[in-house]
Amino acid sequence: MDSSDKIRAADPASLQVVKYPDPRLREICTPVETIDEPLIQLVEGMWRLMLDSRGVGLAAPQVGVTVRLFAASPSFSPDDLQVYINPRIIEASGTIEEEEGCLSFPLIYTKVKRSAVVVVEALDLEGNTFQETCVDLHSRIIQHELDHLDGRLLVDRMGAVSKIANRRALKELEAQFNSA
Ligand code: NI
């Protein structure tokens, strides 16, 4: 399926967060080819779901649509809704370790090392290329959501200690998935 078929297969009015260990979270996502009405509807649905879920970022594979885009709102505000289509990091510097969560891993938090500053390049909803220099939480969101587009998850970024600390919660998610 190309990106347009994947987008048209989703119902933007009834999106749900896909949870670990759903295999859709492991796919390498497809680049977006066309920015059209179905894509805009998907993004608007993702913004709603992200705010309702009290998240600051949500990648398309987390709603089961394995294409390269993600939503963000670093200030967690309906006035600050962002979308990054076909994003890539073109510069990264520094290292910083902070606690991180993920809507696909409810109740799990782990320290993750990330670049302190990133410059991201992406398309907006008008199809224009933009670049942004991101720091603090914004920088962390960009790197976390970009990981999602390559099938890389919070569990892959966990250190050994955190894996042990979160072992029960991870097992619980696996059991819930297998019984669904
Ligand atoms: Ni996530």
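Which element supplies the largest share of the lining of the largest pocket? That element is α3, with nine residues. The model is predicted, so to speak of local features a pLDDT of at least 70 is needed, side-chain atom pairs count only at pLDDT 80 or more, and totals for chains, interfaces and linings use all residues. Residues are numbered from 1 along each chain as its sequence is written, and side-chain values use heavy atoms, without hydrogens and water.

On a 1 Å grid over the protein atoms alone, a cavity is a set of points where a 1.4 Å probe fits but cannot get out; a pocket is an open set with protein on both sides within 12 Å along at least five of seven lines, and lining residues have an atom within 4 Å of a point. Volume is the space filled by probe spheres set on the points, joined across faces, edges and corners.

| Space | Volume | Lining by class |
|---|---|---|
| Largest pocket | about 530 Å³ | 13 nonpolar, nine polar, eight charged |
| Second largest pocket | about 200 Å³ | seven nonpolar, one polar, two charged |
| Largest cavity | about 30 Å³ | two nonpolar, one polar, five charged |

Of the 30 residues lining the largest pocket, Val56, Glu100, Gly101, Cys102 and Leu137 are the closest to its centre. Both β4 (96-100) and α3 supply at least two residues of this lining.

The second largest pocket has Lys19, Tyr20 and Phe177 among its lining residues.

The structure holds one cavity of 30 Å³ or more. Its lining includes Glu100, Arg114 and His144, and α3 (136-149) and α4 (154-157) each supply at least two residues.

Definitions and conventions. Helix = DSSP H or I, 4+ residues; strand = E, 2+ residues; numbered from the N terminus. Nonpolar A, V, L, I, M, F, W, Y, C, P; charged D, E, K, R; others polar.
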